[in-house]
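Here's a quick briefing to read with the model open in your viewer. Have a look around first, then come back for the details.

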Amino acid sequence: MGSVEAPPAPLRVFFIPFFATGHMIPLVDIARLFAARGVDSTVLVTPANAALIQATVDAAADSGLPIRTLIYPFPSSESGLPPGVENISALPPSESYKIDVATPFVRPAHDRLLRLHRPDAVVADVHFPWTTFVARDLGVPRFTFQALGLFPVCMMNSLFTNLPHLAVAGDDVPFLVPNLPHPIHMVRRELPDFLRGNTQIGAAMDDIGAAESGSLGVVVNSFVEMESAYAEYYYKTCNMRSWFVGPVALAAAGQGSSLATRGGDDPIAAANRARCLSWLDAKEPKSVVYVCFGSWSQFTGEQLREMALGLEVAGHPFLWVVRDGGDEWMPEGFEQRVEGRGLVVRGWAPQVAILAHAAVGGFVTHCGWNSVLEGVSAGLPMVTWPLSTEQFMNEKLVVGVLRVGVRAAEGPGSTLEEEKAVVDAAELARAVGRVMDSGEEAEGMKRRARESGKTARAAVKEGGSSHKGLSDLIEEIRAWHTFSHPSSKMMAHGALSSVNSSSSMSPERCHRSCLLADLTPTHLSSPGGRPESLGSPRRIE
Ligand code: UDP
């Protein structure tokens, strides 16, 4: 009798999300997608951030997917941040840079965990350039996770290369972003702060660039039908490959857990979930405007007041997520006047489930990349109200390229708090009307939005472009280990500067005693030298 060959061991991939909810949610979705294809997936995360994703990971593990979290300490004492402050959403926007300042201190922990567990591949957020060098030492491929689409990434690359924003006479003077597939104009005020001044992330750009060029490519939460011209541009200008695997919120729906717990499953989020969805159930199809500004934006009281009045005047039912505490800004009698028609939700709302609800007909968004993609996926027209980072660039995609949205304010905005003009109630009401009312403009936007939604949904289905993008990506990792010799892999990885590995790392705590042994190198090595699985799914501390 011939011997029966053992099936190949499953690939083991580590995912390392940055300390921002908008970066963590999509990378956890991607880890779930890998796990659903049989890849043993581990998400490296710090304790307070684990709370945001653990329910999602546990539900996926409960459904049989090989996925878990591996917890490592956040460098609170090194960075001077109070214990538990581990995410930009835990700080006011003006202090979010403190998370960037803390970020380099996690390098030793990443370095140690990767060397200890020796995964077959690493998918790390762009904020963690050092993971490229560890991967090179280990002889495994490292992929960059871009929490942004390639549209804004290419815009930023063009700006960094050509510096058109430095050639204009003033902050409000429009300039063309050179060489892009579409003629996009910006003003300096609307650029990310790291292009306007000397921030931590701006200073880290050289490291990030070096790390990216040492990566095999980027994993993008987008779909090729929306951004193919930018993938080509990116390849041409940066010599970097990209794998489109999104919209991941759509792709990960049903992969081991409900989307309802995405990003939050504390009691307030759970109560909001039930309240929002049952409130929407009682509304007419396509009648409700959903208003939400992401996971960390904040407004002045004056702006919130105008927003309330604008939504009231617009006359459509609205579901409005307010992150800011207090209600001194609320106009007198507002709640009584909009009772039954408007729902104000504090804290975390189940955004993807809301956008997919039949009652929702439009989306007022700050244009965070995830929100843009989720709005597109839901086939909804949008009112764009960018606030910071690259959001004004994403707005160009929504309004100028896809033509599925209108701006909340006509005048130029600003990424700087002190330069922002208040968007008044009448302006907002007008913009909401332009996407929600009937008429040629609104109907055109609705039609294009529906078509984009259809294309997005097709992309993640079997046979679709992103479904295939994920297959190609996994195949790339498999091929690396099957066909390449470590030394040639390293050449393919690109010439990288050498790095010192630090040995001064804090020990990780083990959540379950049964997994303690799995964290020691001795137990991780099988007789054939191949590291074993981290053990049962779910969570390792
Ligand atoms: N989100 C959510 N509920 C909320 C606020 C945000 O589910 O109440 C999710 C939203 O669906 C998206 C992410 O949080 O996936 C926010 O990411 P985005 O890139 O839009 O904005 P950021 O928070 O990074 O500014």
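This is a predicted model: local features need pLDDT of at least 70, side-chain atom pairs count only at pLDDT 80 or more; totals for chains, interfaces and linings use all residues.

**The largest core**
- The largest nonpolar core has 59 residues, and Leu 150, Tyr 290 and Leu 319 are the ones touching the most other members.
- If you skip neighbours within four places in sequence, the contacts of Tyr 290 include Leu 319, Val 321, Ile 354, Leu 355 and Phe 363.

**A second core**
- There's a separate core of 40 residues, with Met 24, Leu 27, Val 245 and Val 460 among them.

**Helix H1**
- H1 runs over residues 21-36, and its 16 residues reach 22 Å from first C-alpha to last, close to the 22 Å expected at 1.5 Å a residue.
- Most of H1 is covered, with 14 of its 16 residues buried.
- After H1 comes Gly 38, which has a positive phi, near 90 degrees.

**Around the ligand**
- The ligand has 19 residues around it, and those coming nearest are Ser 295, Ala 349, Asn 370, Ser 371 and Glu 374.
- Ala 349 works through its backbone here: one of its N or O atoms lies 2.6 Å from a ligand nitrogen.
- Ser 371 has a side-chain N or O atom 2.5 Å from a ligand oxygen.
- For Glu 374, a side-chain N or O atom is 2.6 Å from an oxygen atom of the ligand.

Notes: Residues are numbered from 1 along each chain as its sequence is written. Side-chain values use heavy atoms; hydrogens and water are left out. A nonpolar core is a set of buried Ala, Val, Leu, Ile, Met, Phe, Trp, Tyr and Cys residues joined through side-chain atoms within 4.5 Å. Buried means under 20% relative accessible area, exposed over 50%, partly exposed in between (1.4 Å probe, protein chains only). Contact means heavy atoms within 4.5 Å. Helices (H or I, at least four residues) and strands (E, at least two) are DSSP runs, numbered from the N terminus. The expected span of a helix is 1.5 Å times one less than its number of residues. A residue is near a molecule or strand if one of its heavy atoms lies within 4 Å of it. A polar contact is a pair of N or O atoms within 3.5 Å; within protein, one must be able to donate a hydrogen and the other to accept it, and residues adjacent in sequence count only if both atoms are side-chain atoms.
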